Structures are given as structure tokens and as C-alpha cells.
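Hi,

Here is the structure I promised to pass on. My notes on what turned up in it follow below.

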Amino acid sequence: MADKPKEERINSADPAIKAMCESGNIPESTCWDRSKKQTPRCSFGEKGICCRICSMGPCRVDGTKEKLKYGVCGVDSNTVAARNFVRMIAGGAAAHSDHGRGVAETFLAAAKGEAPGYEIKDQQKLFQLAMDFDIEIGDRSIQDIAIDVGTKGLGIFGEQQGPIPFLKRAPLKRQALWKEQGMEPRGVDREIVEIMHRTHMGVDMDPVNLMKQGSRAALADGWGGSMLATELQDIMFGTPVPQLGSCNLGVLEKDQVNIVIHGHEPSLSEIIVAVSQDPQMIEKAKAKGAKGINLSGICCTANEILMRHGVPIAGNFLSQEMAIATGAIEAMVLDVQCIFGSLPQVASCYHTKIITTNYRAKIPGATHIEFDEHDAVTTAKKIVNLAIDNFPNRKDTHIPNEQCDLIGGFSHETINYLLGGTFRASYKPLNENIINGRIRGVAGVVGCNTVKTEHDGVHIAVVKELIKNDVIVLQTGCSAIACAKVGLMLPEAAAEFAGEGLAEVCETVGIPPVLHMGSCVDNSRILMAAAALVKEGGLGDDISDLPVVGAAPEWMSEKAISIGHYFVASGVYTIVGSTFPTFGAPEFTDLLFKEYEKITGGKWDFEKDPMVMARKMIDQIDIKRNALGLDKGKERVLFDMAMRRELDAV
Ligand code: NFS
């Protein structure tokens, strides 16, 4: 046990975690404790200039020190940092895309009638995707169309030639730029393999060339693997629509069987949602002394089931160990990604069962109940039964009261409908409000939590500052959960926190100033929103013309690097906090922070201080507004009859 008082060990702005710290009910060892034990960290590793690609190393390569200027094979720090960075992109793109592939496999099995429990919920979107894929619709059956869409979708991951079909969704100018720059991706599998090849010892040593490949892989993630995951999930599970949910550890119920789903793929959790509402299961829970079954989620699986079912969110990435310390969770069900290896160890002090479900993700000490999409209901029943049977083993519980309501479910389609109306869905009102300056710009604030900054604190501070300055914020991932915990995703937040212009628009439409757009693969929804803004007109003819910026203030995962880079490669200024993995290589960092803007119109940036980060984002928005001539303000012109006639003549 650390000698500091428990409450000082944990650096979090989360109101529920603060309450737990005050009452002293926190695990013996947490990620914050382990992080402290890891200090001081190797600065070469932190700055991206440690190379362990071959066994002649590891080499610490530092251009500022004569002795360490080159690795054994002769590469310098810029090559080392570039190779490490594109490998991070490969890791992140692989995680998103393998998730997408899993969904595509379930989708195809469902279409063939081989996966009971799944169905086609959004036919409209199925038709849309069929058109994107040049699949005939005619009077063919839904099943036949779905089989073709699933087969084509699955094939895209391994597409050898490219470009992948969704690139066509980007503005024409952007497509031309990618072509000209040699950045049009083929299937994501091929792009990732090529990264691993090029970064093998003795292959690609040119940072610019390496980054071209990094861009291709990131784009294959954003406009490929991730977008496919989002689209197929929407077709199978329903495209999200706004609905009320609640968020934070207070959603756990003292007198019910608590099942927490944690991870990223919604295929199993969708079925668990249904099974946990089965009257027989509820009866069984009652027979064990509980009043019912309460389902909640952590990380992006939580975002997925919130968006589609209003299932409450228990917390984000850094809440996972704390959730177990409430003593109120019968089963924590894991699928893939962002799961702490410590969970079985933390759970061993409580009665919580840690259940892994994916063949790709097993943890020593956890119970493994493998998910099979062909028999998902059986898997889900096993899990729910195990949780119910565990209820009598519960000892003292310490559930904090803190929870907050939120509105989730703002898909790209919803924004379209909400702003334009169901029968004239359009981004026009958003564009017009950006043009007239009520809305200054749009910021995507996304990504993880990290122990290196105050948990949630940076997200909240950045987002509050942005909306105060009339920037509407689109969110996904753990960043969305951070802001939901403090009420920023409620329509009332507009009056309380937003600037006058943004508040006016939000109040007119009835939306919060901060919109929850889903999980991290759903960052593809933000790409779609950006493309729609360009298409609507009046804001330039490419994504890089838009007053749109991106940020991942508390990033930690390789997925965040892949996302960040597909935004940069799509033309968006993207800023991150906490740390940046190339600082030991100034020239390579310059390529990402400066030169890239000349190549793609987007660039990376870094800032730890949330106020400065928000200011930099607003400045970027203003630069774009000025370039579009919006700084002069659009005069309101009252059209007389002659002017109208002139318009009609055009
Ligand atoms: Ni995104 Fe979502 Fe959270 Fe970060 Fe992890 S859960 S996929 S990687 S930590 S936002």
C-alpha cells in the first residue's frame, strides 16, 4: 500500500471517483499507483527515439548527443521516431478495423440466417450502403441485398487494389488531393501489412515516405474499417437517435444484479441487453434476492448501447477499476480493447466475476465464456445466469450517488434531421449559422483518458472553453463520457455554458451544445458530418476549408493516433494533450506539426494546458473563417421583388 492517503493517490475530476476517494473506498492498487511506480520513465521511450525493431539494439538514438546520433544500423532519430509513429497508426487502425471485420462477419452470418438474435433494423441504411457498393437493389429481397452488402463489406478489408469505396464520400477536391499525393488507400489489411514491412529493419528509412504509408493506413481506418464498423452496426442494431441516458458510477443499483459491459464491440452486448430484460431472467434474479437486473457499460461498448438503447454508462477508461471497488458489480463482461490487465486482481478483493468473451482477448485470472455470433443468445444467457448466481456472494457495497443525465445518439443522420427536419434533412441551418457567426466553428473533441493528466479534467475544461466561445462540440469515446458526467450533454447546458450565439441555436433546435456521436469507431460519423458541411455549400470546397478542428486532450491509445492521423490526412487541424510520441525527433515532429499542412491541409499540434489548447483551436477556426471571408460578417440582405426575380432566373 502506498504511504500517501488514498484520496491523494488518485488524480481525477470525476465527481463519483472524488466521492469514493473521500469515503476511502478505493482499490488497494490502481492505475495511478502503478503509474507512479513506473517513474522515472525512460525518456528515450517517451520521446519516441528508442528503437527495438531488431536484436542488435535496443538503440537509444538522440540527434542532440554526438555519441547517440545513430543506431547500430545507422538510422537517425527521425527515422526511428517515424517508424515508431507509423507502427502506432498500424496498431490503432488494426484495432478499429478488426472490430469492423468482426461486425462484418456477424452481419454476413445474420444476413444468411445463421446468427439468430440479429436482424436488419435499418433498411434505409442498407439500401444506401448497397448503392455505395454498386449492388443492385431492384425488387431483390432484403436478405439477398444484405448478403451482397456483407460479402462486399468483408472483402473491403482485404482489398488489394483500392481505392476503397467510401473515399467517394469525401469532397471531390479531397479525393483529388489524396490521388495526387499517392494517399488513396487500398484495403486496411494490406496497408497495415505494408507498414509492418516498411518498418522492418532495413527497409523504409525516409520519414516522408513512411508517413505517406502511415496516411494511407490511417485513411483506410477512418474511411474504411471504422466507417464500415459504424455502418454495419447501424444497419444491424439501428442508427442511433437522441435519447435520454445517465452516466457515472451512481447508475449502479444497490438492490439489483449489476452487469457491466466493458470494451468495444457491440455484437454481444446487444444480445445481453435483450437477455437481461427476459422476464425469466428477472424472475431468477428475484429468487436470488435482487430486485432486478441492471445493465450498464464502460468505454465504447457503453457508448454503443447508450446510443441505441439508453443503457446507462457507469464510466470511462479510468473508471474501470473504481467501478469494481463499489463492491456492487456481479459481473464485468469484457470484449476487446482498453481493458486493464489488473481487473481480475482488483476483482479478487470483491465478489465481482471478470468474464472475457472474445477469442482474441483472454486475461489470466478471468473466466472465459466465448462469444459465438452463431449462438449469441446462449452465450449471453450463460453470462447473465452467472451474474445472477453471484448476487448472493455480494458483501458491503459503496456506490457513490453521483450520476448525471445526458442526451446521447447524435448520428450524422440525426444532426441532418434535427437541423433540417425529417422531410428536408439538411446541414443548411448549421452552415448558415456558421456563416452568420452564431456558431463560430465545429470541434471534434474525442479520445481517451490517461494517468498522465487529471482524469476527465482536461476534456471538461477544453470543451467548456470551446462552447463558451460559440464552438459547437462533437464528441465520441471516453471524452464524451467525461463531459456527460458533468452535464454538458443536456440541452440546459447551452444556457449555462455556451456563448450567446451557440446558445441561441441550441435552444432553437433543442439540442445540447455538446453532441454525443458515439464510440471511437464512430469518429467516422464526424468525417461524414465534415463532408456534409462541405457539400451543403458556403464553407469552401474541401474539408480543409472548414472552420473545423479536432482534439484528443487525454489520449493514450494507438487508436487515438490512427484517428488523429486520419483527421490530419483528411485536412483537419488536430491537437493532442498529455504527451506526444515524437518529441525526441525535432525534424520529424516538424513534418507532422508544420509540413503536413502543405501536404494535406491538416496538421498535428500539442498542448498540455487546456485553456491554451482551446485557444489554439479557436485561433485555427478563426484562421479558416478569415480565409472564407466570414470574419467580415455576412450582412443580412432583405430581398426585394426584383432581386427575387433575378434569383429565379438563375
Ligand atoms: Ni477510444 Fe473507446 Fe476510451 Fe480511448 Fe479506449 S475506450 S475506442 S481508445 S480509452 S476513447
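The nickel atom of the ligand has a single protein donor, C520 (SG), at 2.2 Å; donors here are N, O and S atoms within 2.8 Å of the metal (3.2 Å for Na, K and Ca), and sites may look incomplete because water is not among the atoms. C520 sits in the loop between β13 (514-516) and α23 (523-536), with helices (H or I, at least four residues) and strands (E, at least two) taken as DSSP runs numbered from the N terminus. The arrangement around the nickel atom is irregular because its four donor atoms subtend angles of 89 to 166 degrees. Four donors are tetrahedral if all angles lie between 85 and 135 degrees; four are square planar and six octahedral if opposite donors are over 155 degrees apart and all others between 65 and 115; anything else is irregular.

Bear in mind that this is a predicted model: local features need pLDDT of at least 70, side-chain atom pairs count only at pLDDT 80 or more, and totals for chains, interfaces and linings use all residues. Residues are numbered from 1 along each chain as its sequence is written, and side-chain values use heavy atoms, leaving out hydrogens and water.

On to the aromatics: the whole structure has 13 aromatic pairs (Phe, Tyr and six-membered Trp rings with centres within 6.5 Å; planes under 30 degrees apart are stacked, over 60 edge-to-face, the rest tilted). One of them, F85 with F588, is edge-to-face, at 5.9 Å centre to centre and 70 degrees between the planes. F85 lies in helix α5 (residues 77-111) and F588 in helix α25 (residues 586-600), 503 residues apart.

Cheers
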